[in-house]
Amino acid sequence: PRTPTSHISSAPAVVEFFVVDDNSVNRLLLTKLVQRVFHARVFTCETAVEVIEKVRVRARRPGFRGIVLSDIHMPDVDGLEMTVELRKSMDASVLPVIAVTA
């Protein structure tokens with residue numbers, strides 16, 4: 001017989017963090033902060049195009065959950081344009097984007 005909680009997985013949800021910033025010092029600081037506070041896996045990217053591709057690849061995994069910490073001002077594609085592109089295929093409930101700026 002099915003118990004009320006038998007459909008709930010016992011494994012905790014794993015959230016992957018994506019840090020995107022064209023400044024290497026900012027990437028390092030954000031990565032260390034996330035690792036220290038959340039003990040989470042962090043993917044670092046130098047450009048918005050790079051993080052869009054990395055998120056798309058990682059999102060193919062079942063149960064994907066992510067958080068993007070992104071600089072707003074980056075060359076080529078900025079943080080706002082990156083967010084618009086990510087929203088085309090992924091809802092904010094699955095992948096929140098948090099703007100970070102120096």
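We'll stop at a pair of helices and then at a pocket.

This is a predicted model, where local features need pLDDT of at least 70, side-chain atom pairs count only at pLDDT 80 or more, and totals for chains, interfaces and linings use all residues. Numbering runs from 1 along each chain as its sequence is written, and side-chain values use heavy atoms, with hydrogens and water left out.

Select 48–58 (H2) and 79–87 (H3): the two helices pack at about 20 degrees, with axes 10 Å apart. H2 and H3 are therefore roughly parallel (angles under 35 degrees). Now show side chains: Ala-48, Val-51, Ile-52, Val-55 and Arg-56 of H2 meet Met-82, Glu-85 and Leu-86 of H3, contact meaning heavy atoms within 4.5 Å. That contact divides into 6 nonpolar, no polar and 2 charged residues.

Next, pick Val-14, Glu-16, Arg-41, Arg-58, Arg-61, Pro-62, Gly-63, Phe-64 and Arg-65, which line the largest pocket. A pocket here is an open set of points on a 1 Å grid where a 1.4 Å probe fits, with protein on both sides within 12 Å along at least five of seven lines; lining residues have an atom within 4 Å of a point. The lining has 3 nonpolar, 1 polar and 5 charged residues, with Gly counted as polar.

Technical notes: Axes fitted to C-alpha atoms, helices over the stretch in contact; angles between N-to-C directions. Helix = DSSP H or I, 4+ residues; strand = E, 2+ residues; numbered from the N terminus. Parallel < 35°, antiparallel > 145°, perpendicular 65-115°, else oblique.
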